[in-house]
Each structure stands twice: as structure tokens, then as C-alpha cells.
Amino acid sequence: MVNGYKPTTLQEAVEIKSRVSVTPYAGGTDLMVRNIPDAVYLFLNDIDELRQITQDDAYIRIGAAVTFTQALDSDLVPPLMKEAISRIAAPAIRNAGTFGGNLGNASDKADSVLAGFALDGRVRLVSAKGERVIPFDDFCVRRGVTNIADDELIAEILLPKEKCALPYYYKKIGGRSALAISRVAFAGAYEVHNGVIQAISATVIGEGKFTRYREVEATLIGKSVDEVSANADAYAERFIEKMTFTRGRVSAEYRKTVVTNLFKDYFASMK
Ligand SMILES: Cc1cc2nc3c(=O)[nH]c(=O)nc-3n(C[C@H](O)[C@H](O)[C@H](O)COP(=O)(O)OP(=O)(O)OC[C@H]3O[C@@H](n4cnc5c(N)ncnc54)[C@H](O)[C@@H]3O)c2cc1C
């Protein structure tokens, strides 16, 4: 019985995916734990084009099979993304774990996905029939569910360069300082000119899904940083009232309190 395929090109990989029921396998750090009985794997590690970090005029492009360790060594990967992935697990997991696997696993606690949301990231999906590029918001439906078709593979994460250059805010709160899944995490990027907010993103781990409240973000544009900081409780509340926090190892009330405090800290950090 075949228990895996090892293509060396993306074209070969998507052709296999179009005709056989296979589970894509990158670093295996999630799949090894799941240990799916009778799985037939599509091993992605020999595909060079999935292991590149490149740039074009608009985007920093991170291949789906790029490991977190590789990305931490790259000058192209933006600081917000580096800070988020530097907090994933421990070196052994970061040496194997990949961006495609973090997205494909569809966890609501995926640290690189949080940073990708804050940076208006996009996902390039490829099948034997063609490709499409969709925002992270459209790819991540909810915990355990993504918007990937059966015949598609994640090929790249695209991060808009103008967002990568912005000042940012990032905090992860776990149960310990290493090997900790986020209980709460917060990522945002912003642009301020002459004390006035021109652009702002804010996204959290703690809701059971990844979301951007873009209509609330828009209400802060044009406000002065001084005003937002001075009225941080009220501005934080605009986001909090839209959010629904989940209960897990910690209570929903704990998550709500921590996220409220992180919003206030975020506003206070803006310059
Ligand atoms: C001890 C431990 C600690 C961890 N700590 C953290 C943490 O702190 N933060 C965090 O975010 N994660 C954490 N994880 C989870 C895991 O390491 C990450 O989700 C990692 O990014 C998965 O990448 P991978 O390459 O190993 O994925 P894999 O296990 O190879 O795959 C994961 C899923 O993605 C799919 N997939 C992989 N590549 C593709 C592709 N190109 N196209 C389509 N689908 C694809 C697979 O089919 C599978 O469903 C931890 C895991 C362990 C075991």
C-alpha cells in the first residue's frame, strides 16, 4: 500500500492532489500528533519553490513549506511576523513547523496566522486548474475550517510591503514562557502622521476564530493618538463589544479582561 507521495515540483504535487485523496504533509508537527489512521501523505518538503522567501514590488512572499527557523533568519520577513513566530513552541518545533502547516491546521491559536491577519496577508492557493489569491480573512473561516478546495494546496503567504513597514504591536500570553499555546495574543500595525492615525489594524487570539473588525478600525482613522490614548477604555470597548470570547484552559472573562488591557496598551504605545 502506498503511504505517501514525494513530488519535487508544485505542478506534480497539485496533479497528484487532483486525482488521489492525500493529506499534505509539511513539517508534520501537527500531523504527527494527529496520527491519522491509514493516511496517504503528500510530502511537500522536496518542493523547492515552496521553500523560498522572495519579494516583488507589492509583497513579501513566504513559501508554504518555509520553516519558522528559516523565516527568522531572513531579512525579508517583517518584524511583526518574526516576533510572532519566535514565540511558537521551542526550537525543535520551529525547525520543522511551516507557514503552510500553521494555516492548513486551521487552529484558532496559530501565531503566524495572527500576524498575517494584522498585516492584511493573502494566501496563494494552487490547483492543477490554476490559482487564486485570497485574503487571510476569507481563507480562515473558523476553528477547524478553511476555505481551501480539495484539489488545492497552499503555495505562498503574501504580505503587503506597505503594511510590513508599519510600526506594530504584538503580545502573546501563554501559560509559560516557552512551548506555550496562546491563551490570548494580540497583533496590530498602525500608521500615524503628525499625531493622527492614518491606518490601524488589531486582531486577537481568544475568540475561537480570527477576525478583523474593520468597521471599528475605520472609526479610529483621523483621530489623534492623544485622544485615543486619553479615552482608551471607550475606544477599546468599541472592539470588545463586537467580540465573543471562548472558554478553554482559561475563562472567557479572563480573555476579555486581558484583551481589554492589551487594547489600552496598544493605544498607549502609538507614536
Ligand atoms: C509541542 C507543540 C507546540 C506547538 N506550539 C505552537 C505554538 O506555540 N503556536 C502555533 O501557532 N502552533 C504551535 N504548534 C502547532 C504547529 O507546530 C504549527 O501549526 C505548525 O505551523 C504546523 O506546521 P507543519 O509544517 O508542521 O504542519 P503539518 O503538521 O505538516 O500540517 C498541518 C496541517 O496543514 C496541512 N498543510 C500543510 N501544508 C499545507 C499546504 N501547503 N497546503 C495545504 N495544506 C497544508 C496539513 O495537511 C495538515 O492538515 C505546536 C505543535 C506542537 C507539537
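**Close-up views of a predicted model**

**View 1. Residues at the contact of α12 with α13.** From α12, the residues A232, D233, Y235, A236, F239 and I240 meet K256, V259, T260, F263, K264 and F267 of α13. Sorted by class, this contact holds eight nonpolar, one polar and three charged residues. The model is predicted.

**View 2. Geometry of the α12 and α13 pair.** Helix α12 covers residues 232-240, and helix α13 covers residues 252-269. Their axes lie 9 Å apart. The packing angle is about 130°. An angle over 145 degrees would count as roughly antiparallel, and 65 to 115 as roughly perpendicular. The two helices are therefore oblique to each other. Their crossing is right-handed.

**View 3. Helix α4 against helix α7.** Here α4 spans residues 79-86 and α7 spans residues 111-118. The axes come within 8 Å and cross at roughly 160°. Why is α4 described as roughly antiparallel to α7? The crossing angle makes it so, since angles over 145 degrees count as roughly antiparallel. The crossing of α4 with α7 is right-handed.

**View 4. Residues at the contact of α4 with α7.** On the α4 side, the contact is made by L80, M81, A84 and I85. On the α7 side, D111, S112, A115, G116 and A118 take part. By class, the residues of this contact are six nonpolar, two polar and one charged.

View 5. How many residues are around the ligand, and which come nearest? There are 35 residues around the ligand. P24, G27, T29, D30 and T98 come nearest.

View 6. G27 places a backbone N or O atom 2.7 Å from an oxygen atom of the ligand. For D30, an N or O atom in the side chain is 2.6 Å from a ligand oxygen atom. For K172, a side-chain N or O atom is 3.2 Å from an oxygen atom of the ligand.

Note on methods: Residues numbered from 1 in each chain as written. Predicted model: local features only at pLDDT ≥ 70, side-chain atom pairs only at ≥ 80, totals over all residues. Heavy atoms only, no water. Axes fitted to C-alpha atoms, helices over the stretch in contact; angles between N-to-C directions. Helix = DSSP H or I, 4+ residues; strand = E, 2+ residues; numbered from the N terminus. Parallel < 35°, antiparallel > 145°, perpendicular 65-115°, else oblique. Left-handed = near helix turned anticlockwise from the far one by under 90°. Contact = heavy atoms within 4.5 Å. Nonpolar A, V, L, I, M, F, W, Y, C, P; charged D, E, K, R; others polar. Near = heavy atom within 4 Å. Polar contact = N/O pair within 3.5 Å; in protein donor to acceptor, adjacent residues only side chain to side chain.
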